[in-house]
Amino acid sequence: MVRIGVTGHVRLQPSAHRVIARDLKRLLRGYPGVHGVTCLAEGADRLFAEAVMACRGSFEAVLPVPEISAAPEEDRSLRSLLRFASDVTKITVPGPPEASYAVASHEMVLRSDVLVAVWDGSDEGLRGGTAETVEFARQQGREVRVVWPELPPDCQEELMSTRSTRSSWLGRCIPRWPGQASAPAAIAGSNRAG
């Protein structure tokens, strides 16, 4: 069984969730058996956990719990996913919230054989964020698999914006995955309908 960790953007356009989830499932089905390792952050991490379950795999959670934040159990979506986790490790580090995120991300990488990054390649972000986690994984000799749709340049920012409406984004920004000649059927079908 392969242990696959995940890192990725938190703010993803809701209309992109289906495409990203589908691509994650395709990637995971390429392994003989999957055990996911995730911090269960909103966005990419939770899409990954759902994809692991859809592929009949298991997952464990490494939760960053900053000292000044609310208990993770107060997040209803998180609480629902935690019921399916085979193990839950909570990590609290003194200092700013980013310290807990960084330590939890590093622990997730150390528990993984492969890291999946739902990532646009940007090196911007907070401590413990996607770019830093990918760099740490590479330093640790982990294989890194990037999942990100190919979009026209003016649509990249909209993929992560929560301000864009579904119909306006789909009308102009149909994701295409690397090597894919045409739009994914689910997105193209949604575009025609909406």
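1. Val 118 belongs to strand E5 (residues 114-118); helices (H or I, at least four residues) and strands (E, at least two) are DSSP runs, numbered from the N terminus. The model is predicted: local features need pLDDT of at least 70 and side-chain atom pairs count only at pLDDT 80 or more, while totals for chains, interfaces and linings use all residues. Residues are numbered from 1 along each chain as its sequence is written, and side-chain values use heavy atoms, with hydrogens and water left out.

2. Val 118 has a relative accessible area of 0% and is therefore buried (buried means under 20% relative accessible area, exposed over 50%, partly exposed in between, with a 1.4 Å probe and protein chains only). Leaving aside neighbours within four places in sequence, Val 118 is in contact with Thr 7, Gly 8, His 9, Ile 20, Leu 24, Ala 44, Val 147 and Trp 148, where contact means heavy atoms within 4.5 Å. From C-alpha to C-alpha, Leu 47 and Val 118 are 9.8 Å apart in space, although 71 residues apart in sequence.

3. Helix H1 (residues 17-28) has 12 residues and reaches 16 Å from its first C-alpha to its last, close to the 16 Å expected; the expected span is 1.5 Å times one less than the number of residues. The buried residues of H1 are Val 19, Ile 20, Ala 21, Asp 23, Leu 24, Leu 27 and Leu 28.

4. Ser 100 lies in helix H4. With a relative accessible area of 0%, Ser 100 is buried. Apart from neighbours within four places in sequence, Ser 100 is in contact with Pro 64, Val 65, Pro 66, Ile 91, Thr 92 and Val 93.

5. Helices H4 (residues 97-110) and H5 (residues 130-139) pack at an angle of about 35 degrees, with their axes 10 Å apart. Axes are lines fitted to C-alpha atoms, for helices over the stretch in contact, and angles run from 0 to 180 degrees between N-to-C directions. On the H4 side, Ala 102, Ser 105, His 106, Met 108, Val 109 and Leu 110 meet Glu 132, Thr 133, Phe 136 and Ala 137 of H5.

6. The buried residues of H5 are Thr 130, Ala 131, Thr 133, Val 134, Phe 136 and Ala 137. These buried residues pack against strand E1 (2-8), H4, E5 and strand E6 (143-147). Just after H5, Gly 141 takes a positive phi of about 80 degrees.
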